[in-house]
Amino acid sequence: MKIENIQVLRGPNLWSVSRKKLIQMRLNLEEMEDRPSNTIDGFYERMKELIPSLYSHRCSPGVPGGFFERVIAGTWMGHVIEHIALEIQTLAGMDTGFGRTRETKTPGTYNVVFAYLEEKVGVFAAESAVNIVQALIDGTEYDLEKDIQTMREIRENTRLGPSTGSIVEEAISRKIPWIRLNNQSLVQLGYGKNQVRFRATMTEKTSSIAVDIASNKEETKRLLQEQAIPVAKGITISKTEQVIEAIDRIGFPLVFKPFNGNHGRGISININTIEDAIAAYEFAANISRRVIVERYITGYDFRVLVIDNKMVAAALRDPAHIIGDGELNIQELIDKTNTDPRRGYGHENVLTLIDIDRDTLDLIEKKGYTLETVPEKGEKIFVKSTANLSTGGTSIDVTDHVHPQNIFICERISKIIGLDICGIDIMAQNLTEPLTENGGVVLEVNAAPGFRMHIAPSEGLARNVAGHVIDMLYPPGKSARIPIIAITGTNGKTTTTRLIAHIVKNNGHRVGFTTSDGIYVQNTMMLKGDTTGPVSSEFILKDPTVDFAVLETARGGILRSGLGFSSCDIGVITNIQEDHLGLSDIHTLEDLTRVKSVVINAVRKGGWAVLNADNKYCVQVGKKADCNVAYFSRDEKNPVIVSHCKKGGIACVCENGFITIIKGDWKIRVQRTIQIPLTFGGTVPFMIDNVMAATLATYLHGFKTEDIKISLETFIPSAAQTPGRMNIFEFKDFRFMIDFAHNPDGYNGIKTFLSHIDSPLKIGIIAGTGDRRDEDIRELGKIAAEMFDYIILRQEKHLRGRTEENILDLLKAGIANGGNTPYEVIPKEVDAIKHAMSLAKSGAFITALSDVISNAIETVQNYQEQERNGLFNV
């Protein structure tokens with residue numbers, strides 16, 4: 001078996017709109033295509049022994065054990081690999097369940113698709129599952145636990161922490177989109193101008209001054225003390241010699257902790273001798289040059305969480321510990337404690353496994369014990385000095401038991417320090433009495449406090465503290481989204497995108513849009529290139545200045561990694577025609593329709609699909625759409641339009657020379673086609689389609705028809721506004737047009753336009769693209785022969801696996817099928833343009849159907865400039 005490709009899908013995709021996180025592995029079964037599972041001796045038995053938990057997989061019978069039944073009856077290895085990839089992720093603490101295995105048009109080659117939680121784990125699971133199945137086939141030993149542990153480690157190195165993750169999960173539950181901005185914990189919620197950012201549990205509302213104060217434990221204590229908040233007595237030292245001074249001023253017992261420490265690192269508690277004090281100082285000094293020495297307060301360790309100046313949770317924290325049973329030693333008791341199913345590696349479970357480190361050894365040594373010591377029955381032995389959950393501590397929710405005065409104190413502390421999210425560490429006998437009465441003190445104030453002890457306490461009620469963060473970041477009335485119009489289709493995507501963006505800009509919005517030639521914010525190109533994939537969409541959605549997104553969305557990006565947005569308000573399909581067929585398992589127009597419909601499937605409930613009623617594949621999409629649907633057509637009598645509007649639907653048609661909105665029985669004429677520059681006086685049908693699609697989409701968004709009309713009148717087809725889309729350059733004796741038409745449908749559109757051009761000589765410069773089918777390339781030559789009087793063939797780029805000669809031969813064969821149009825071959829485009837101009841007689845019309853628009857435009861503009869300066873000589 002051979003893995004040919006592994007793709008990580010991160011957004012709405014061909015397999016599922018709701019399940020955005022999928023691995024798609026292209027797997028060639030090779031000789032195993034002829035060997036289903038029931039033909040391999042012992043395969044089922046070995047699989048059952050290695051991964052018995054696969055019994056829970058339901059598969060076709062729909063009951064537990066269903067997958068085993070399929071294996072016994074006989075199923076292909078791609079299907080087995082899918083289930084194993086899902087199960088080993090679950091065994092590693094990442095429960096996933098969605099999977100699909102489908103054979104491609106290539107016999108023996110399958111797309112194995114399955115869900116993941118962490119994408120690097122998903123990729124590893126794909127590779128591991130293939131290796132596991134190969135071992136089961138061969139009957140060789142396989143170290144499954146090693147792979148599972150590797151996946152755990154990958155997860156812990158790449159996942160969002162429990163606090164960050166809880167905020168993201170809460171946002172998802174409220175349908176707030178999110179984007180991870182780095183490989184750590186920096187996250188963006190919302191899109192465009194409505195975005196907010198946070199890192200761990202610090203938000204963009206968190207004051208940097210407040211963080212500085214909280215990080216300076218001495219400064220924090222001073223501010224709180226001045227405001228009559230009870231704090232522990234202590235000083236800060238920075239030399240070993242000062243340890244004795246601290247002992248003299250404070251007295252035993254003591255606590256030593258790093259001045260800039262966090263997560264309990266470097267802390268030593270209950271120090272009672274000079275020798276231990278010096279060792280504790282040196283331990284803390286490894287973390288921070290300055291060390292805080294405080295009086296050790298007996299009592300219990302509490303954490304109070306305040307968000308937006310309101311107490312939302314409180315927990316009693318207990319350091320990791322064991323209870324003696326009079327039989328097992330300390331090492332064995334720790335191992336037994338770690339068998340608690342609530343404990344797991346890292347943050348995978350409610351509790352974390354207890355590891356043995358220097359802190360553990362120091363604590364048991366102070367009691368005169370070793371790991372081999374057998375404690376008495378009932379004896380409680382702490383094996384960590386701090387109560388952090390990440391070191392194996394436990395937490396008990398006490399939110400409902402906090403005294404009102406303590407709530408007042410904690411909410412006041414958050415304002416004194418200035419933190420929007422504030423964790424307050426308190427040492428006291430309890431929180432049911434005021435601290436001022438039971439001698440409790442505030443030990444620390446934490447910026448970016450952990451949420452895990454509150455969202456998953458080992459005892460008591462779980463508190464949805466992340467909900468309070470979202471309430472603060474997105475109070476009622478504040479939207480997390482910006483309007484998104486997504487445009488896909490075979491031809492016309494870029495022009496329609498640009499026209500929609502033009503209308504949006506003219507209506508006062510700061511628009512960001514992506515096209516096949518670049519990413520734009522307002523009128524400024526931010527990045528140049530084919531930017532129609534998910535990365536380009538995210539570029540716009542990350543921009544805090546953008547309040548409206550118009551996104552050209554091509555098939556390649558959808559197939560490669562899904563959409564770059566979670567949902568859109570309006571999805572537009574201009575048309576679905578033959579192009580790019582035979583690539584990425586897309587062989588038919590039905591296949592292509594499935595790809596394009598991903599955009600429509602991602603339209604939010606209440607949003608709109610804008611579809612071409614003259615294209616049967618678009619109509620098929622409309623019949624299945626789970627949103628509002630509106631159609632456009634060049635013919636108001638199109639049966640789809642008539643039926644749709646009779647039911648009260650909305651449409652846009654070209655009738656009596658007008659672009660017209662139809663709403664039920666009402667007609668709203670927007671503008672005459674001859675008054676819309678993009679239609680070239682109403683002579684270019686496919687441009688009329690683009691105008692109708694843009695008009696309908698913007699009307700449905702809520703723009704007024706009079707404002708749309710003005711925008712249609714001011715959108716001029718040119719190298720500036722529509723580069724590569726019928727850009728016509730005027731010379732003294734001839735005209736030169738550049739267009740990006742690159743498939744038969746696009747060529748036919750140019751052919752229709754040229755039929756209205758009165759010219760004694762129509763010269764065409766054409767090229768093919770190597771990744772198209774033979775018949776598609778031949779068809780280009782045929783159509784070219786039908787619309788040009790003379791053809792120049794060129795082919796210097798986009799060979800994509802073919803030879804230049806092969807593509808040219810296909811074009812020549814097509815020309816021969818289209819007539820006896822003369823042609824010649826000039827490989828380089830610059831030379832071809834120059835030669836075409838040398839052939840041009842008065843009134844000639846030259847058309848370059850170019851695959852590199854910017855180069856062609858620049859070349860022709862240079863010749864225009866030379867002509868203006870009297871230097872034109874070709």
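Biologist: In which hand, left-handed or right-handed, does helix 2 pass helix 3?

Modeller: A crossing is left-handed if the near helix is turned anticlockwise from the far one by less than a right angle, and right-handed if clockwise. Here helix 2 passes helix 3 in a left-handed crossing. Please note that this is a predicted model, in which local features need pLDDT of at least 70, side-chain atom pairs count only at pLDDT 80 or more, and totals for chains, interfaces and linings use all residues. Residues are numbered from 1 along each chain as its sequence is written, and side-chain values use heavy atoms, with hydrogens and water left out.

Biologist: At what angle do the axes of helix 2 and helix 3 cross?

Modeller: Axes are lines fitted to C-alpha atoms, for helices over the stretch in contact, and angles run from 0 to 180 degrees between N-to-C directions. Helices (H or I, at least four residues) and strands (E, at least two) are DSSP runs, numbered from the N terminus. The axes of helix 2 (residues 66-73) and helix 3 (residues 77-91) cross at roughly 155° and come within 11 Å. Angles under 35 degrees count as roughly parallel, over 145 as roughly antiparallel, 65 to 115 as roughly perpendicular and the rest as oblique. Helix 2 and helix 3 are therefore roughly antiparallel to each other.

Biologist: Which residues of helix 2 and helix 3 meet?

Modeller: Contact means heavy atoms within 4.5 Å. Phe67, Arg70 and Val71 in helix 2 meet His79, Val80 and His83 in helix 3. By class, this contact has three nonpolar, two polar and one charged residues. Ala, Val, Leu, Ile, Met, Phe, Trp, Tyr, Cys and Pro count as nonpolar, Asp, Glu, Lys and Arg as charged, and the others, Gly among them, as polar.

Biologist: How do helix 9 and helix 10 pack?

Modeller: Helix 9 (residues 242-250) packs against helix 10 (residues 274-285) at an angle of about 120°, with axes 10 Å apart. That makes helix 9 oblique to helix 10. The crossing is right-handed. Val243, Ile244 and Ile247 in helix 9 meet Ile274, Ala277, Ile278 and Tyr281 in helix 10. The classes are seven nonpolar, no polar and no charged residues.

Biologist: How many helices and strands has the protein chain?

Modeller: The protein chain has 29 helices and 38 strands. Its C-alpha atoms fill a box of roughly 105 × 70 × 60 Å, taken along the principal axes.
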